Amino acid sequence: MEKGSDIDPQGAQQAFEIAEVNLRKVEGNRLTIEANLALRRGRTRVRAINTIS
């Protein structure tokens with residue numbers, strides 16, 4: 001588990017945005033599931049940063 005204070009805000013936001021784009025592009029059940037998980041991880045990291053700020 002990461003601490004919110006250990007997360008790079010710009011990197012987390014960028015990873016979240018990339019995950020959103022990737023989710024729109026994927027085809028197939030497995031890739032969709034993996035893209036959804038990446039999106040959720042990214043959203044959680046961004047929310048953790050915003051909670052600290």
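1. Let's start with a pair of residues in helix 2, which covers residues 29–52: Arg30 and Glu34 sit four residues apart there, so about one helical turn separates them. Keep in mind that this is a predicted model.

2. That spacing goes along with a contact. Arg30 and Glu34 form a salt bridge, and their closest N and O atoms are 3.0 Å apart. The cut-off for a salt bridge is 4 Å, so this pair makes the list. The count for the model comes to one salt bridge.

3. How exposed are the two partners, Arg30 and Glu34? Arg30 has 65% relative accessibility and counts as exposed, while Glu34, at 37%, counts as partly exposed.

4. Now over to helix 1. This helix runs through residues 9–25, which makes 17 residues. From first C-alpha to last, helix 1 reaches 25 Å, close to the 24 Å expected at 1.5 Å a residue.

5. Which residues of helix 1 are buried? They are Ala12, Phe16 and Ala19. Looking down the axis of helix 1, you'd find its buried residues within an arc of 60°, so they line one face of the helix. On the other side of helix 1, Gln10, Gln14, Arg24 and Lys25 are exposed.

6. Last, the annotation. An unreviewed UniProt entry places "domain: ATP synthase epsilon subunit C-terminal" at residues 6–49. Over that stretch, the chain is 86% helix and 0% strand, and the end C-alpha atoms are 9 Å apart.

Note on methods. Residues are numbered from 1 along each chain as its sequence is written. This is a predicted model: local features need pLDDT of at least 70, side-chain atom pairs count only at pLDDT 80 or more; totals for chains, interfaces and linings use all residues. Side-chain values use heavy atoms; hydrogens and water are left out. A salt bridge is a side-chain nitrogen of Lys or Arg within 4 Å of a carboxyl oxygen of Asp or Glu. Helices (H or I, at least four residues) and strands (E, at least two) are DSSP runs, numbered from the N terminus. Buried means under 20% relative accessible area, exposed over 50%, partly exposed in between (1.4 Å probe, protein chains only). UniProt positions are given in the numbering used here, feature names are shortened, and annotations may be inferred rather than shown by experiment. The expected span of a helix is 1.5 Å times one less than its number of residues. The arc is that of the directions from the helix axis to the C-beta atoms.
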